[in-house]
Amino acid sequence: IMAYAERAILARKSRAPWRVGHGNPTPYELLTGSGSMSLLVRSLEIMRQLTLEHRKILFVPSAPRDRLLLTLGQALYPLEFLVIEHLEQRMLSVVSNGHYGREYRVLAEDFCREVGPQLVVGVYRASSAAPPGVFFAHADFACEAAMIALADSVLQEHRGFPMLIDLADMICRTAFGNDIFNSAVQMAYAHAGAPFRFLNERMTRG
């Protein structure tokens, strides 16, 4: 749900020319629906809107595991980037291992064949002190996206990671952290006349 909400906000609420997000624009949990076909249908709609209609997108994962991408990134000089491939086959491999009914599998595969050729993955190197980073972008704006990733990442020379994403993470943890969320939930239960009904023993221990 969080992955969906992040992309929905970028697609429908943001008014910025560029939409910068964390992770992959078409992540595993949304391509598979995480077991919910209702979520799958809604996710495909949001991801299609973000990637095909808006197009000026940049997504950067914080802990990429693809050793091939990272090895290529290590070969780059500082301030260099490399666009490597389209995402169609990567997306189809996720769908091929998913559990869908026939109708929903066709929807997911059609989405991959429509959107995958429009998206690319690449690597960049912000500084000699930092590890390489991976980025995802629309093919028509891949070079611009890589330059944005580099420009924002050089502000953190030791991390080589976009400062905007770090700033967004800090704001969300401060404004919407577990403590604040839990307090709002408990307040709602109190207003409903059941302040302790759904608390376990540890939570009510004096």
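1. The model is predicted; local features need pLDDT of at least 70, side-chain atom pairs count only at pLDDT 80 or more, and totals for chains, interfaces and linings use all residues. Residues are numbered from 1 along each chain as its sequence is written, and side-chain values use heavy atoms, with hydrogens and water left out.

2. Five strands form an open sheet with mixed pairing, in the order S1-S2-S5-S4-S3. Strand S1 (19–22) and strand S3 (80–86) are at the edges with a single partner strand each, so one side of each lacks a neighbour in the sheet. From one strand to the next the twist averages 25 degrees. Helices (H or I, at least four residues) and strands (E, at least two) are DSSP runs numbered from the N terminus; two strands pair if DSSP finds at least two bridges between them.

3. Six bridges pair S3 with strand S4 (residues 119–125) in the antiparallel sense. Phe81 stands opposite Tyr124 in S4.

4. S1 and S2 are parallel, paired over four bridges, and Arg19 has Ile57 in S2 as its bridge partner. S2 and strand S5 (residues 133–138) run antiparallel and are joined by two bridges; Phe59 has Phe136 in S5 as its bridge partner.

5. In S2, Ile57 and Phe59 point one way, Leu58 and Val60 the other, and all are buried (under 20% relative accessible area, 1.4 Å probe, protein chains only).

Terms used
Axes fitted to C-alpha atoms, helices over the stretch in contact; angles between N-to-C directions. Buried < 20%, exposed > 50% of the residue type's maximum accessible area, 1.4 Å probe, protein only.
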